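This report is meant for a reader who is meeting the structure for the first time.

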Amino acid sequence: MKIARARPEDAGALTGIAVAAKGHWGYPESWIHRWADVLTVTSDYIRTNPTFIAFAEERMVGFHALQLHAGEAALDHLWVIPSAMRGGIGRALFVHAEATARDAGAVVMRIEGDPHAEGFYRRMGAVVCGQRAAPMDEQARFLPLLLKAL
């Protein structure tokens, strides 16, 4: 596996990875459609934010993206295609995101995660510091807010 900087022309493929990964958790299709803005990666986004792709045998299998703000990084995206989950790709991308954030001067990385990903982020050393209400179709839902010291 290798990790390389994303190019603006990769935006559509990265959006496809994000949608497939989110859909893996069994969310209703109507929710996936409502999350389209959050899951969409644009060429401008890639130009503006550090975005990196994991490749296995020349195939895109995941990516991460950061937003950097004065000593902090926000892990804005970390997605792995379902067929490559549980194979170390997510861990490699997380470690790469940490190094990228540190190199940019960040001392902490903030993560607003999917509830299904909380355990992964905790295993990576992030700590839960709160939650954000994110109800869908009148169902109570909360997104974990995590911090990872760099």
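## Terms and basis

A residue is called buried when its relative accessible area is under 20%, exposed when it is over 50%, and partly exposed in between, as judged with a 1.4 Å probe on protein chains only. By that scale, glutamate 72 is partly exposed, with a relative accessible area of 26%, and arginine 110 is partly exposed too, at 38%.

This is a predicted model, in which local features need pLDDT of at least 70 and side-chain atom pairs count only at pLDDT 80 or more, while totals for chains, interfaces and linings use all residues. Residues are numbered from 1 along each chain as its sequence is written, and side-chain values use heavy atoms, with hydrogens and water left out.

## The sheet

Helices (H or I, at least four residues) and strands (E, at least two) are DSSP runs numbered from the N terminus, and two strands are said to pair if DSSP finds at least two bridges between them. On these terms the model holds an open sheet of 7 strands, in the order E1-E2-E3-E4-E5-E7-E6 and with mixed pairing. Strand E1 (2-5) and strand E6 (127-133) stand at the edges with a single partner strand each, so one side of each is left without a neighbour in the sheet. Neighbouring strands are turned by 25° against each other on average, direction ignored; axes here are lines fitted to C-alpha atoms, for helices over the stretch in contact, and angles run from 0 to 180 degrees between N-to-C directions.

Strands of a sheet pair through backbone hydrogen bonds, either parallel or antiparallel. E6 and strand E7 (residues 142-149) pair in the antiparallel sense over 6 bridges, and in this pairing glutamine 131 stands opposite proline 144, while arginine 132 stands opposite leucine 143. E7 also pairs with E5 in the antiparallel sense, over 5 bridges, where isoleucine 111 has leucine 146 as its bridge partner.

## Helices on the sheet

## Salt bridges

A salt bridge is counted where a side-chain nitrogen of Lys or Arg lies within 4 Å of a carboxyl oxygen of Asp or Glu, and by this rule the count comes to 10. In one of them, arginine 110 meets glutamate 72, with the closest N and O atoms 2.9 Å apart. Arginine 110 lies in strand E5 and glutamate 72 in strand E4, so the pair ties together parts that are 38 residues apart in sequence.

Lysine 148 and glutamate 98 form another salt bridge, at 2.8 Å from N to O. Because lysine 148 lies in strand E7 and glutamate 98 in helix H5, the pair ties together parts that are 50 residues apart in sequence. Lysine 148 counts as buried at 14% relative accessibility, and glutamate 98 counts as buried at 9%. Arginine 141 and aspartate 114 also meet in a salt bridge, at 3.9 Å from N to O, linking the loop between E6 and E7 with the loop between E5 and helix H6 (118-123), 27 residues apart. Arginine 141 is buried at 11%, as is aspartate 114 at 9%.

## The largest pocket

On a 1 Å grid over the protein atoms alone, a pocket is an open set of points where a 1.4 Å probe fits, with protein on both sides within 12 Å along at least five of seven lines, and lining residues have an atom within 4 Å of a point. Grid points are joined across faces, edges and corners, and a volume is the space filled by probe spheres set on the points.

The largest pocket has a volume of about 1,100 Å³, and of the 41 residues that line this pocket, the closest to its centre are Leu78, Trp79, Asp114, Ala117 and Tyr121. H1, helix H3 (36-39), E4, H5, E5 and H6 each supply at least two residues of the lining, and the largest share, 7 residues, comes from E4.
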